[in-house]
2 protein chains.
Amino acid sequence: MVKLPYVLQKENICRFDGDTFFIGDRRTFPLAKTFVACSSVRDIAIALTQMVTQGGGPLQVAFTTLSYCAHRMERGTLPAGFETFKGSAAQLIAARPTNTTMARVLEKMLGEISLLFGQGGDLHSVVQAIDALVLENEQQYDAIYHAMGKKGASLLKDGETVLTTCFAEHTFLLSLAYAQQEGKTVSVLASETRPYLQGARLTAPSLREMGIPVSLITDGMGANFLSKGKVGCYMTASDVVCMDGTVVNKTGTLANAIACAYYNVPYYSFSISPDPSKRNSGDLHMEMRDGKEVIHCMGHLITDEAIPALYPSFDSIPPSLVTGIITPKGILTPDALSGAYL
Amino acid sequence: MVKLPYVLQKENICRFDGDTFFIGDRRTFPLAKTFVACSSVRDIAIALTQMVTQGGGPLQVAFTTLSYCAHRMERGTLPAGFETFKGSAAQLIAARPTNTTMARVLEKMLGEISLLFGQGGDLHSVVQAIDALVLENEQQYDAIYHAMGKKGASLLKDGETVLTTCFAEHTFLLSLAYAQQEGKTVSVLASETRPYLQGARLTAPSLREMGIPVSLITDGMGANFLSKGKVGCYMTASDVVCMDGTVVNKTGTLANAIACAYYNVPYYSFSISPDPSKRNSGDLHMEMRDGKEVIHCMGHLITDEAIPALYPSFDSIPPSLVTGIITPKGILTPDALSGAYL
């Protein structure tokens, strides 16, 4: 089994101790390995809005929040009952309007938690059952990550350099690790991903920690390396995948996907759960964030603070630019997606 | 006559006082309006290598350096004679290996300075003649800038938003200013242009100073706005233009040019002097800079300092992606360029 890097180890994404919930602060890593301490689900939701953790982090936060609420009920610091879970889930879901995976997983688990309360056992048994439910879901996703990592590895050729944007987490890192385990020499070109620099701060250090060669570039440089024939494929995560194969991912992905099509380089996106409720880009909610984030870099002002800026968080990449979507159900072309998921 | 913004006013690009040569530091503007003080041509060349000024700045530095050398000869702090000019020009030229405009202008002016020394007048008369020569060349370029700005303005439509990368200086800013003077409502989307942030620090504040609406975006966001139909055209400067219409400009330009072609949005590049000695991209010298610049942002480390990074300074944009090149000889298609310049 491949060892995950620091940022993806569960206890570094989030954990709780009594009434305090700790979230690993991805905004400052690797310059600092700090945690944001939350004392309520409301605090946790605010931390998600403030991008303390991002990408796949919120799903792990959601899992741990369910256990956190259950244990606080048993300690008597939260009202016992299903309504508390319902309200908590709603707050977390509202904090991440574009990525729907956490929302759908929480809704499914809420159904199961509702049944547990309906069975009328004592609170301690319900809490134990919720812990077991959370563990079962975590293990299910861990298995999915590794299976998708092996699928991703099968797409990588010996000697190839992979371009990536933002932080594609487990599935991407495991693809590289499994390719390397299979004896392939692979390396990564990571786009820094302004304004939050997830590529510079999360992807590059994580790959380095795993012993996979990586070079950092700025977000405008992808096409430069593609034009020189130095990129074998482009791989990213996805925040949403629609049933027509439209991929939603961090801004900057579209520019590289277009350049890949121009230079005939394949673009693969990982999706742990394509969204059956989204037919196409018309069904998407695309988050706009505060432009103030663009005129800062790691807390430092980069220009006159009066300069207006725009921050569309996500790109919508049309299916015609997507070579394949790596899912728990296999590597699917955009055309094949609805057949597998509807 | 349109008033140029602070960064483009000659005395803010560079000036000299006695033996000290001051270069406006574009690396810290607008957060600080400081000057780097040089005490020799060697210092000036080092400052150019270190990007104290960039884009069109080095051409103005070259003009002023000729006067600086002449006056130092008269003060007796530099050896009088043509050899001093020849050596000084060589140092400046070596500092900017990709952009050939300064090199070609200096070579032409060196021929004229050689003649002045050959005529055998006294040093004072030669120095006066060199000042006149510099002034004549400056005025010639000022006239070119304004004429090209008027040509650029003719391409802009009322209500249009122009995407740009890096700092396209006089010709671009004047295009916007003349369009506005003609009663057109125009606005700009400026890519921040990492790692040096010329877009964030030079373009955006200069446009704001000129009263032209501008919004800052990160380098990965150009395609996002193009995909939404929000960009009327893309305009950049060029560091070199080859005779086949290949445009060399700051990294990040190629990605946007490809996205423009994908969305059928025209791409125009300004060139004050297409280079007749460069047939095509095969004749180019493309500068690679230190990757350390990518892992910093305005002097602050953005990730683990052990992360390797790559910094190709310039993109080469193939003629098929270029709609038109705005030159002193008119707005030319890539095909028409060699007919006008060879």
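I begin with charge pairing: between chain B and chain A there are two salt bridges, a salt bridge being a side-chain nitrogen of Lys or Arg within 4 Å of a carboxyl oxygen of Asp or Glu. In one of them, Arg194(B) pairs with Glu192(A), with 2.7 Å between the closest N and O atoms.

A word on conventions. This is a predicted model, in which local features need pLDDT of at least 70 and side-chain atom pairs count only at pLDDT 80 or more, while totals for chains, interfaces and linings use all residues. Residues are numbered from 1 along each chain as its sequence is written, chains are lettered from A in the order in which they are written, and side-chain values use heavy atoms, with hydrogens and water left out.

How many residues does the contact take from each chain? Chain B gives 54 residues and chain A gives 54 residues, contact meaning heavy atoms within 4.5 Å. Together the two chains bury about 4,200 Å², of which 69% lies on carbon and sulfur atoms; buried area is the accessible area (1.4 Å probe) lost when two parts are put together, summed over both.

Finally, symmetry. Chain B superposes on chain A by a rotation of 180° with 0.0 Å of shift along its axis, at an RMSD of 0.0 Å, using least squares on the C-alpha atoms of residues with pLDDT of at least 70 in both copies. That is the relation of a two-fold axis. Moreover, 100% of the interface residues of chain B are also interface residues in chain A, so the copies meet through the same surface.
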